[in-house]
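Please look over the model shown here before reading the report. The account is arranged by region and by type of contact.

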Amino acid sequence: MLSESVLCLLTEDLFIRVLEKLGPDRKPWRLVCKEFLRVESATRKSIRILRIEFLVGLLKKFCNIETLDLSLCPRIEDGVVSVLLSQGSASWTRGLRRLVLSRATGLGHVGLEILIRACPMLEAVDVSHCWGYGDREAAALSCAARLRELNMDKCLGVTDIGLAKIAVGCGKLEKLSLKWCLEISDLGIDLLCKKCLDLKFLDVSYLKVTSESLRSIASLSRLEVFVMVGCSLVDDVGLRFLEKGCPLLKAIDVSRCDCVSSSGLISLISGHGDLEQLDAGNCLSELSAPLVKCLENLKQLRIIRIDGVRVSDFILQTIGTNCKSLVELGLSKCIGVTNKGIMQLVSGCCNLKILDLTCCRFISDAAITTIADSCPDLVCLKLESCDMVTENCIYQLGLNCLLLEELDLTDCSGVDDIALRYLSRCSKLVRLKLGLCTNISDIGLAHIACNCPNMTELDLYRCVRIGDDGLAALTSGCKRLRKLNLSYCNRITDRGMEYISHLDELSDLELRGLSNITSIGIRAVAISCQRLADLDLKHCEKIDDSGFWTLAFYSQNLRQINMSYCAVSDMVLCFLMGNLKRLQDSKLVFLSKVTVTGLEVALRACCGRIKKVKLQRSLRFLLSSEMLETLHARGCKIRWD
Amino acid sequence: MDPKGGLCANNCRRSSSLTAPGNGLQTNLSSDPPSFYGIGIESHFNEFDPPSPPIQSVLPGQSDTDIEIPDQENCPLSDSSNTSKLQDWNPSAMLNNLSFLEEKIHQLRDLVHLIVNKKCQPIGQPHELVTQEQQLITADLTSIIVQLISTAGSLLPSVRHTLTNTNPLVSQIDQLHGINLPFGPEPSSGIRPQNNSANKLFDKSTQNDLPNTCEMEQNYNMEEHEPKDEEDVDEGENLPPGSYEILQLEKEEILAPHTHFCTICGKGFKRDANLRMHMRGHGDEYKTPAALAKPHKETGSEPKLIKRYSCPYSGCKRNKDHKKFQPLKTILCVKNHYKRTHCDKSYTCSRCNTKKFSVMADLKTHEKHCGKDKWLCSCGTTFSRKDKLFGHIALFQGHTPAIPLDDTKGVTELPDPQNREISNKVGSVNFCFGSKPSSENLVPNMMDMKGNIDDPMNYFSSLNFEGCNFGAFNEFPQTPFEDAEGSFSFLMSGSFKFGGGESSSGNLQ
C-alpha cells in the first residue's frame, strides 16, 4: 500500500527513468504495478516473442515497438499474419522499423507480403535461415521500399530473379547479406551493383560467383565492408578489380577463397592503404615476402586474421612493428608460431584486445607472460590446445589482464587448481572454457565461482574430477550462468543437479554421459530452470520415464533436446513431443524402449512445429512415408544417423 | 597549271569532239584512270559524308578549287590546302559550283539526246563507224557523270571529318575504282548513264537487241535467299554520295508477288531462272546457251557503279529525300524493309497468337524460338536469355523480372507452394477459432492433472494410454495433426497456465 502511494506521486517521465535503471529485471515490476505496466507498454521499443500463443496480446499491449523479433516462432504462418493484422487496428505496425523473421520457415510469400506491406516504416528485415525462401519471398520483401538492411543468409531458393526484385524494389539498401544463397550468380550481383548504389555492407559468402562479380562490386563507391568467405571461383583477377574500386572499403574478408593468392591480396592492399580489417584465414598457405612488405603500409589496420597460414618470426615482427593500432589478431592453427615471434609481435601491439592462438602448440609460458605484460587491455584470449601453458603464465594473466572476459583453455592439461586460483583474479570473466582440463577439481572451480560473478558461460567438458561440491560452489557464486557444459563429468549426481536448479538464467545445459543422475535430478532442473532451451541428455541412461515426463510438463521453453540412448518409453516420448510447444530440434537415436509405432505417433504429435529431427537410419523405411512426407512438407529436416 | 582552266578546256574539247573521233583524247582517258580523278574526289570524300543524292540537293558547296580534277599523275597526293579550304565555304563559291553543275547537266542532256537520235536511225552506216562513235560518246558521258558526281558530292558539307575517321583510305580507293572502271580498256561496255532527275536507269549497252526496260535493271540480282538482316548490316556502310547510283522502286513493284514477267505472254515469276526456263517454250531462240545463262554473269566482269536503293515511302529514313538518308543494299532489303516498316503485319504466330509479322521469313524465325522465351520482364517483354533480361532491367528504371506463376524451378523441394497444399490436406491449418478442437485430448487432461503431479504415473493411467495398443495406432493417425497444433488455435487459447510459474508476460525477453 505504501509503495503504491509513493509510485502515484511519480510523473511519467520519472517512471521512464526508473525503468531505464531497472535493466533486464523489469518483469516483477510490471507484474505488480499497473503504472509500470502502462509506462513500459508505451515506451518499450523492442520485443522478442518467445511463445507465439501470446503474440496477439503482447502486440496489443506494446503498440509502440520498433523492433519485432519472431525468430523463436517458427510456427508463424500466413494465416497468423492475417489474423494479427485483422485484429483491432493493428497499430503496432505503424512504427515498426525492424523485423526479425530468422528461421520463421512457416511463413510463405503471401503472409510475408501482407506483413511487409502493413509496415510502412520498415527499414531492416532479417529472414536468415529461412531455407525454404525463394524468389516469391524475395519479391514480397522487395515491397519494402525504405529497406536499408536485409539479411537473407541461407535463403536457399533465392535466385538472380529474386535478387533483381530486391535490387529494383529496395534501391536504398545499405546492408545486404546473401551468404549461402547458392543460386545467385554474377548476373544478379551485377544488377544489384547497378541498382543499389548506397550499399555499405555486402556479404556474398559461399556464392558461386566469379571475379566478374568483383568487377561489378568495385563500382560500389560507398562499400565499406565486403565479405566473401569461401568464394572458391574468385581469384586474384577479382581482387585486382577491387584495387581500383570501392574507395571507402574498410574491411574485407577473403577467408577460405581457395583461388586467392598473395599477389591478389597485394593489389588489394595497395589500392586500400586505409584498410582496417583484413580476414584472410585459410586461403593462403603462406604469406609471401612482398605481401608482408605490403602489410607494413596498413597503418590503420585494427583486425587481421590469418588462420592456418604458415608464419615466421619475421612476419609476426613486421606486423608488430608496423600495425600499431591492431586490436584483434587471429593466428588460429597457424604453423610456425613461436614464443619469440609472439614476443616480438606483442611488444609492438600493446592495444591488442583479442588474440586467438588456437592450436599454436609451441607457445609456452614465456610468450603468454609477455602477452600479459604487454597487453593490459586484453579481453579475449584463446589458447586451445596450447599444452605447454602452466599456472605460471596464468598467474601473470591474473596479475595484469584484469579486463579479461573470455579465456579458452580447452585441452590445456597444464591448467590445475592453482592456475584457476590465479585466474580468479580476473573478476570480469564471462566465458571460460576448461574442457579436457583433467587436472582441475572442485577446489579450483570454487575459486572461480567465488570471484567471477559475471560468468555466463562455462565449459567443463570431461573435467572428470569435478563433482557435486564444485557445482555447489559454482551455483552459489556464478548466479548468471546461462550455458553450462558438464558432459562426462561422471562424479556428478542428483545432488549436483539440485544445485544446478538454482541457476535461474540457465538456458543451455549439456549433461551428456552423466551415468549417475536419475529422474530426481532432472526433475529438480526441469521445475526450476524455466529458461532452459537446450538440453543434452545423451547417454544419461538412468533417467527414466518420470524424469522425461517432468521435462515434458515443466520445461515449456525447451527448443532442443537430445535423448539419444535414453530409457524413454513410447508413451512418455509421445507426450513429451506433443506437449513441448516450442520444441524445434530433437535427436532420437537408439531409444531402446521405443517402438517404431511409438516413434511414429510421437513424430505425428509434433509435426506441426518440429524443424529438425535426428533418427536412426534403420528406421527409414519402417516409418510411414505419409508421416515423413508431412514432416518434410512442414519444413522439418530429418537427419538419418 | 591552272586547274579550272584546264578543266574547262578539257570539257570543251570533249564536247566538241563528239562527232569526230580524237585519238589523243581517247588514249589519254584510258591510260591514266587510277589517278585521273583520284585526288580530287578523294579529298572531297575525306571531308563529306554522303547523305543525299547529289543533283537534287540544293546544299552549300565550296570554292572553285574543289572541283579541280587534276589529270596528272605527279600531282601531290596530299593537297592539304585543298582540304583546309573545304572547311569554310562561301556562298559565291557555291553559286559557282551550282552553275557548273547546271552546265554539266545541259551537256549531259545533249549527249543523251544524241544517243537517242542515233538509236532511232536505221542501221545504214558502216558498223565500225557506229561502234567508234558509241565508244566516244560513252567515254564522254562517263567523264561528265563523274565530274557531276564529284562536284555534287563536294556540295555537301554536312558531316565533316567522320569519314576520315571511320573509313580507311583503302575502301575509298576501292570505291574510286568503281567509278574509274568505266575508263578501262573497254569503255563502251557496261557504262550506265544516269538520269538522276527521274532516278530511273537507262540501260545503255552494246547489246542493242535487248529490250531497254527498267524492269530488267530493277529485277536484276533478285534472290529470295538473301540474308534478311542485310537491311541492318549496311547501316554503317557510309558510302559517300555519288559513289553509287540510287534506284527507287514503286510500292506496287515492291509488293508485287512476281517480279519477273514474260514479255510475250505476261506470266509472272518469282525468279529470273524460272522465267528463262519458261521462255524456252516461246521459241528456239530462247534455247541458246546465251539466252539461258544468267544475264548478269555475262556482264559480271564488266565494271559498273555500285547500286543502292531508296524506299518510296516519303519521310522514311531509307527514302532518298530524307536528310540522313541511308540507302538499302539490295532489292530484297527494299522489299523486307518496306513490308516491315510500312505494311500491316498480317502473319500471326500460331503458337503464341500475339506476335505478328509482315515478312514470312520473320514469322518462321520467330516460330522456331516461340515459347522458349522464358525470361519475362514486368513490362511484358520476354527474353530468350537471362543476361538479356538483366541487361534490360539494368537499363530501365522500375522494371523487374516477373516470376512466372508455375515457377517450380529450384524450389520444388522447398515448402512454398506444395507446403500449403499438403498442410491443407492434412488439415492442420485449422480455422475453427471458436471452440477448441475436440480431439485436443492431451492438453485438457494436463490441466486436470495439476493436483497430482507428484506422481506422474497416476497421470498416465488417467490418460488411458495403457489401454491403447500401439499396434493399432494407425487407427487414429489424424489425431495428432488436429490437436492444438492447429496454426491458429493457440492464438485464442493463449492461456495455457502450467504449474511452472509461467505467465503471459514471461514470454518476452
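This is a predicted model: local features need pLDDT of at least 70, side-chain atom pairs count only at pLDDT 80 or more; totals for chains, interfaces and linings use all residues.

## Chain B in outline

Chain B contains 22 helices and ten strands, and of its 509 residues 44% are buried. When contacts in chain B between residues at least 6 apart in sequence are considered, 64% of them join residues at least 24 apart.

A UniProt record, which is an unreviewed entry, places the feature "domain: C2H2-type" at residues 260–287 of chain B. In the model this stretch of chain B, residues 260–287, is 29% helix and 14% strand, and its end C-alpha atoms lie 18 Å apart.

## Strand β3 of chain B

Strand β3 of chain B runs over residues 244–248, and because five of its five residues are buried, the strand is largely enclosed by the rest of the structure. The burial concerns both faces of β3(B), with B:Tyr244, B:Ile246 and B:Gln248 on one side and B:Glu245 and B:Leu247 on the other.

The pairing partner described here is strand β6 of chain B, residues 306–310, which joins β3(B) in the parallel sense over five bridges. Within this arrangement B:Ile246 is placed opposite B:Arg308 of β6(B).

The largest nonpolar core of the model comprises 215 residues, and A:Phe226 and A:Leu511 are the residues with the most contacts inside it. If neighbours within four places in sequence are set aside, the contacts of A:Leu511 include A:Leu486, A:Met497, A:Ile517, A:Ile522, A:Leu535 and A:Leu537, together with A:Ser487, A:Asp536, A:Lys538 and A:Cys540. Another core, of twelve residues, lies apart from the largest one, and among its members are A:Leu191, B:Phe383, B:Phe390 and B:Ile393.

A:Ile522, one of the contacts of A:Leu511, is also one of the buried residues of helix α23 of chain A, residues 519–528, where A:Ser519, A:Gly521, A:Ala524, A:Val525 and A:Ala526 are buried as well.

## Loop residues with positive phi

A:Lys333, a residue other than glycine, has a positive phi, near 60°. A:Lys333 belongs to the loop between β12 (328–330) and α16 (339–348) of chain A, and with a relative accessible area of 52% it is exposed.

A:Arg462 likewise has a positive phi although it is not glycine, with a value near 55°, and its position is in the loop between β17 (457–459) and α21 (468–477) of chain A. The relative accessibility of A:Arg462 is 34%, and it therefore counts as partly exposed.

## Aromatic pairs and charges over rings

Over all chains the count of aromatic pairs comes to eight. One of them joins A:Trp180 and A:Tyr206, which are stacked, with 5.4 Å centre to centre and 10° between the planes. A:Trp180 is in the loop between β6 (175–177) and α10 (186–195) of chain A, whereas A:Tyr206 is in the loop between β7 (201–203) and α11 (211–217) of chain A, so the pair ties together parts that are 26 residues apart in sequence. A:Trp180 counts as partly exposed at 28% relative accessibility, and A:Tyr206 counts as partly exposed at 27%.

A:Tyr565 and A:Phe590 form a further stacked pair, at 5.1 Å centre to centre and with 25° between the planes. Here A:Tyr565 lies in the loop between β21 (560–562) and α25 (570–579) of chain A and A:Phe590 in the loop between β22 (585–588) and α26 (596–606) of chain A, so that parts 25 residues apart in sequence are tied together by the pair. Relative accessibility is 30% for A:Tyr565, which is partly exposed, and 39% for A:Phe590, which is partly exposed. One aromatic cluster is formed by A:Trp549, A:Phe553, A:Tyr554 and A:Phe575, and in a contact between charge and ring A:Lys637 lies over the face of A:Trp131, at 4.5 Å from the ring centre.

Conventions: Residues are numbered from 1 along each chain as its sequence is written. Chains are lettered from A and ligands numbered from 1 in the order in which they are written. Side-chain values use heavy atoms; hydrogens and water are left out. Buried means under 20% relative accessible area, exposed over 50%, partly exposed in between (1.4 Å probe, protein chains only). Helices (H or I, at least four residues) and strands (E, at least two) are DSSP runs, numbered from the N terminus. Two strands pair if DSSP finds at least two bridges between them. UniProt positions are given in the numbering used here, feature names are shortened, and annotations may be inferred rather than shown by experiment. A nonpolar core is a set of buried Ala, Val, Leu, Ile, Met, Phe, Trp, Tyr and Cys residues joined through side-chain atoms within 4.5 Å. Contact means heavy atoms within 4.5 Å. Rings of Phe, Tyr and Trp (its six-membered ring) pair if their centres lie within 6.5 Å; planes under 30 degrees apart count as stacked, over 60 as edge-to-face and the rest as tilted. A charge sits over a ring if NZ of Lys or CZ of Arg is within 6 Å of the ring centre and within 35 degrees of the ring normal.
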